[in-house]
Amino acid sequence: MFDFIKGEVVEINENHCILETNDFGYVLYMSEKEITELSHKQYKIFLRLIVREDSLTLYGFLTRESRILFDLLTSVSSVGPKVALGILSAISLDNIVYSISAEDSNILTEAPGVGKKTAQRIVLELKDKIAKYNFNMKIESVSSVVDNDGAIDALVSLGYNSYEAKMALSRVDKSISISEQIKYALKNLGK
């Protein structure tokens with residue numbers, strides 16, 4: 001329904017701001033990270049309207065990417081807007097995307113209200129969806145490693161966890177044979 005709004009931030013609070021445009025003041029709930037970036041000036045803020053039985057709430061985002069992540073997170077069962085904002089407040093966008101792409105749910109448990117089960121559910125439900133978006137180059141290199149299950153499985157069988165294996169393989173040329181990839185990954189791991 002709404003994509004963005006342009007106006008002047010006239011009030012900044014702990015978890016929301018008020019943006020004035022055309023003599024209307026809109027309350028926009030935002031992540032703590034983005035709230036701290038605001039000052040009293042003109043902004044273009046991307047929006048998401050959440051409709052509940054007893055409320056209409058606008059959530060604001062300084063970038064389209066943070067709104068996409070918010071939408072993805074709120075699509076997960078048991079993750080509502082407040083938990084999604086908590087994740088966006090506690091963890092950088094790059095680390096959220098990386099943790100989902102690399103299937104490392106431990107990073108997500110750093111956010112308030114996100115336990116181990118919820119973090120695992122987020123990874124499980126979003127790992128395929130997140131690959132459809134181009135967030136940044138660092139994440140793309142990690143995503144391409146996820147497709148190389150043979151080398152990952154070999155490193156895991158040698159005692160490394162999947163996170164370590166994916167990180168070591170992210171710095172290895174994908175055009176060489178799997179055995180060569182494993183050899184270089186072991187060098188990256190210091191073995």
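Tutor: With a relative accessibility of 3%, Ser 31 counts as buried; the term means under 20% relative accessible area, while exposed means over 50% and partly exposed lies in between, using a 1.4 Å probe and protein chains only. The model is a predicted one, in which local features need pLDDT of at least 70 and side-chain atom pairs count only at pLDDT 80 or more, whereas totals for chains, interfaces and linings use all residues. Residues are numbered from 1 along each chain as its sequence is written, and side-chain values use heavy atoms, with hydrogens and water left out.

Ser 31 sits in the loop that runs between strand 3 (24–29) and helix 1 (32–37). Helices (H or I, at least four residues) and strands (E, at least two) are DSSP runs numbered from the N terminus. When neighbours within four places in sequence are set aside, Ser 31 touches Leu 85, Leu 88 and Ser 89, where contact means heavy atoms within 4.5 Å.

Because 7 of its 10 residues are buried, helix 3 is largely enclosed by the rest of the structure.

Helix 2 also packs against helix 3. The axes of helix 2 (residues 64–74) and helix 3 (residues 81–90) come within 9 Å and cross at roughly 135 degrees; axes are lines fitted to C-alpha atoms, for helices over the stretch in contact, and angles run from 0 to 180 degrees between N-to-C directions. The two helices are therefore oblique to each other, the class left after roughly parallel (under 35 degrees), roughly antiparallel (over 145) and roughly perpendicular (65 to 115). The crossing of helix 2 past helix 3 is right-handed: the near helix is turned clockwise from the far one by less than a right angle, anticlockwise being left-handed. Helix 2 contributes Ser 66, Leu 69, Phe 70, Leu 73 and Thr 74 to the contact, and helix 3 contributes Pro 81, Ala 84, Leu 85, Ile 87 and Leu 88. This contact of helix 2 with helix 3 comprises 8 nonpolar, 2 polar and no charged residues; Ala, Val, Leu, Ile, Met, Phe, Trp, Tyr, Cys and Pro count as nonpolar, Asp, Glu, Lys and Arg as charged, and the others, Gly among them, as polar.

Helix 2 has a further partner in helix 5. Their axes lie 10 Å apart and the helices pack at an angle of about 135 degrees, so helix 2 and helix 5 are oblique to each other. Helix 2 passes helix 5, too, in a right-handed crossing. Here Leu 69, Leu 72 and Leu 73 of helix 2 meet Ile 122, Leu 126, Lys 129 and Ile 130 of helix 5, a set that divides into 6 nonpolar, no polar and 1 charged.

Helix 5 (residues 116–130) in turn meets helix 4 (residues 93–101), the axes coming within 8 Å and crossing at roughly 100 degrees. Helix 4 is therefore roughly perpendicular to helix 5. The residues in contact are Val 97, Ser 99, Ile 100 and Ser 101 from helix 4, with Ile 122, Val 123, Leu 126, Lys 127 and Ile 130 from helix 5.

At 7% relative accessibility, Tyr 59 counts as buried; its place is in strand 5. Beyond neighbours within four places in sequence, its contacts are Tyr 29, Phe 46, Leu 47, Arg 48, Ile 50, Phe 70, Pro 81 and Leu 85. Of these, Leu 85 is also a contact of Ser 31. Ring pairs join Tyr 29, Tyr 59, Phe 61 and Phe 70 into a cluster.

The structure holds 5 aromatic pairs; rings of Phe, Tyr and Trp (its six-membered ring) pair if their centres lie within 6.5 Å, with planes under 30 degrees apart counted as stacked, over 60 as edge-to-face and the rest as tilted. Phe 4 and Phe 46 form an edge-to-face pair, because their ring centres are 6.4 Å apart and their planes stand at 70 degrees. Since Phe 4 lies in strand 1 (residues 4–12) and Phe 46 in strand 4 (residues 42–52), this pair ties together parts 42 residues apart in sequence. The rings of Tyr 59 and Phe 70 have centres 5.3 Å apart and planes at 35 degrees, so that pair is tilted. It links strand 5 (residues 55–61), which holds Tyr 59, to helix 2, which holds Phe 70, across 11 residues.
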